[in-house]
Amino acid sequence: MHNISVIIKKQLKDTLKNKTVLIQFVMFPVLTLIFENAINIPDMPELFFTKLFSVMYMGMAPLVAVASVIAEEKEKNTLRVLTMANVKAWEYLAGIGIYVWTICMAGAGVMATTLSSGDIPFYLGVMAAGFIISIAIGACIGIIASNQMAATSLSLPVMLIFSFMPMLAMFNDKIEKIAGIFYTQQIRELLGNMTFDGIKTETMLVVAVNALLALSLFFAAFKRKGLE
Amino acid sequence: MIRSNGICKSFAGRRVLSGIDLDIKPGTIFGLLGPSGAGKTTLIKILTDQLAFDSGDVSVLGKDVRTLTGADKKQIGIMMDNHGVYERMSCIDNLRIFADIYQIDKSKAMTTLTQVGLGDSAKKPAMKLSKGMRARLQLARVLMISPKLLFLDEPTSGLDPMTMKYIHKLISDCKASGCTIFLTTHNMEEAAVLCDEVALLNEGKIVDRGAPEELCRRYNHQKTINIHLTSGEDIELPHCDESAAKIMSLMSQGRIETIHSSEPTLESVFLELTGRRLESDEEVRYA
C-alpha cells in the first residue's frame, strides 16, 4: 500500500505540470458546464451536453491518460528506476489506475453538478464502471506501446471508436446497431434513462463482456510484455 | 560483497557472457573495462537481478542474487547510463519520491542535493538541467539511500572533464564511507584513478584482471623510450640494452633535444590483449 500511495502522490505532482494529460481531465467537465449554461435550444433533449460529453469523457480521458503515462515512463526509463527501487509492477499499475480513476471521478463530479441531486448517485455509479473499463484498455495500450508516440498512435483510433460512435449513433441507425456492442454506447443509453429500474439485460451483458475483454487483454499484454 | 562463478548468458543463441568469475571485496571499487558491446551492462543487470542468467552462480551481499529480498535491495544503489529522471519535476521532488519509496527521512533529499552540488538548483525542473547536472541528480538519487553496494554503469560517459572530476570525487567519498562500488567504464583514466581492481572484458570474457598499476607492470615489455632529436626527427626505442647503447651514442653527439619513457597504460594493455581499443569498436592491428 505504501508504494501505491507514493505513486499516486508522484502522479499528482507530475500531472499538475503535464499539460497534455491535464487537459484530458479538465476539458470535458469545463465544456459541459459552459455548454449546459450557455446553450439553450428549444426541443433539445434535457441535459444533452452533459450526457454526450460524459460518454466522450469516459471513452477518452482515462484511456489516453493511462496509456500516455505508462508509455512515457517506459520511454524515459523512469519506470525501470521505480522497479529497481522495489516498486512492484502491480503496485505501479494500481497506483496509476487509482489516480486516474479518482481524477476522472472528480471530473464526473463536476459534470454531475448539472444533474438533479437524485440522479447523481446513478450517474456516478455508471461513470465509475465505465472509467474502469477505459483504464484497463489504456493500461493495455501503455503496456504494448514502447514509447509515447506509439501510445498516441494506438490510443487515437481506439479512443475515437469508443468516444465518437455513441455520438454518431444518434444520427444513423446502422451506426447505432454497430455501436451497441461497445460499452460507451450502452452507458450512453443508461445515462439517457438515468434510472436503475428497467436496465436491460442486454446492456448489462454488453458492459460485462466489454469489461471482461478489456481486463483479459490487459492481463494478456501484461503477462507477455510486463512493464519492459 | 559480490561473488560469481562461471556466469554465462546468451541472447538468441549468441553468447554475450562466458564464464565470468568475480570476487569483489567489501569497501573497494571494482572497475569493469571494455568497449561498447563487450557485455558490461548485461553483467550489471545480472548482478542486480534485472536479468536472468543461463548458468553459473551469483551471490550479492552474501546471498544468491535470485533470493534477495526487498530489504536487501534497499541496500543496493544502481545508476544505469540510460536511467531517466522525472523531467517536469524539480530536482528536490525527484529525490523526495525515492526518499518516500525507501522510507528514509525526506530532509536527506536536500542534504544529498547539496552534497552533489545541486543545492542551488533544488527547485529547478529536471528538464532544465545540463547533462552534467542531470548525471549528478541521478547519482544523488542512489547516494541518498546510503547504499552498501553501488553499481555505476558508465557514470561519466559523455561528460565534460570538470563534471567528470566532480563525480570521481563523489565516488571516492562514497567509498570512504565504506560502500563497495562496481563500476563499468571504457575510460581507462577513470579506471586508473578510481579503481582498486579492474577486469578487462572483451566479447563476454574477462581477459585479465588486477590492480591498475599491477596490470600495467605486468605488461611492462610495452615500455618504450621516445626521443626527439635536434634535427626534428622523432624516434621510438624499445626498453632494452641495445637502446641504452644507442641513447648513449646520441647523447655524446649532442643530438638529443628531449627524451622520455612511455609506460604501458590500461588502454595499451587492453589493446595488446584483444586487438581492440576501449573507446571504440574499431578492430586494430597491434604492432
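This is a predicted model: local features need pLDDT of at least 70, side-chain atom pairs count only at pLDDT 80 or more; totals for chains, interfaces and linings use all residues.

Colleague: How many Å separate the centres of domain 1 of chain B and domain 2 of chain B, taken over C-alpha atoms?

Modeller: Residues are numbered from 1 along each chain as its sequence is written, and chains are lettered from A and ligands numbered from 1 in the order in which they are written. Domain bounds come from an automatic or database domain assignment. For chain B, domain 1 covers 2–75 + 147–216 and domain 2 covers 224–262. Their centres, taken over C-alpha atoms, are 41 Å apart.

Colleague: How many helices and strands does the secondary structure of chain B have?

Modeller: Helices (H or I, at least four residues) and strands (E, at least two) are DSSP runs, numbered from the N terminus. Chain B has ten helices and 13 strands. Along the principal axes, its C-alpha atoms fill a box of roughly 75 × 45 × 35 Å.

Colleague: What percentage of the 287 residues of chain B count as buried?

Modeller: A residue is buried if 20 or more other C-beta atoms, placed from the backbone, lie within 10 Å of its own, exposed if 12 or fewer, and partly exposed in between. By that rule, 38% of the 287 residues of chain B are buried.

Colleague: Is K25(B) buried or exposed?

Modeller: K25(B) counts as exposed because it has 11 C-beta neighbours inside 10 Å. K25(B) sits in the loop between β2 (14–24) and β3 (29–33) of chain B. From C-alpha to C-alpha, K25(B) and I181(B) are 9.7 Å apart in space, although 156 residues apart in sequence.

Colleague: Which residues of α6(B) are buried?

Modeller: The general idea concerns the helical repeat. An α-helix has 3.6 residues a turn, so residues three or four places apart point the same way. In α6(B), the buried residues are M164(B), I167(B), I171(B) and C174(B). Seen down the axis of α6(B), they fall within an arc of 80 degrees and therefore line one face of the helix; the arc is that of the directions from the helix axis to the C-beta atoms. The face of α6(B) turned away from this buried side carries the exposed residues P161(B), M162(B), K169(B), D173(B) and A176(B).

Colleague: What covers the buried residues of α6(B)?

Modeller: Two residues are in contact if their C-beta atoms, placed from the backbone, lie within 7 Å. The cover of the buried residues of α6(B) includes α5 (131–143), β7 (149–153), β8 (180–185) and α7 (188–194) of chain B. Just after α6(B), G178(B) takes a positive phi of about 100 degrees.

Colleague: Which residues of helix α10 of chain B are buried?

Modeller: In α10 (residues 266–274) of chain B, L266(B), V269(B), F270(B) and T274(B) are buried. Down the axis of α10(B), the buried residues fall within an arc of 105 degrees, so they line one face of the helix. Their cover includes β3, α7, β9 (197–202), β10 (205–210) and α8 (212–218) of chain B. G275(B), which follows α10(B), has a positive phi near 75 degrees.

Colleague: Which residues touch the most other members of the largest nonpolar core?

Modeller: In soluble globular proteins, nonpolar side chains tend to be buried together. A nonpolar core is a set of buried Ala, Val, Leu, Ile, Met, Phe, Trp, Tyr and Cys residues joined through C-beta atoms within 7 Å. The largest one has 141 residues, of which V66(A), L47(B) and I181(B) touch the most other members. Helix α3 (residues 48–75) of chain A gives the most to this core, with 17 residues.

Colleague: Where is D49(B), and is D49(B) buried or exposed?

Modeller: D49(B) lies in the loop between α1 (40–47) and β4 (55–60) of chain B. D49(B) counts as buried because it has 20 C-beta neighbours inside 10 Å. Although D49(B) is not a glycine, it has a positive phi of about 60 degrees.

Colleague: How many residues does the contact take from chain B and from chain A?

Modeller: The contact takes 18 residues from chain B and 16 residues from chain A. On the side of chain B that touches chain A, the largest share, five residues, comes from α3(B).
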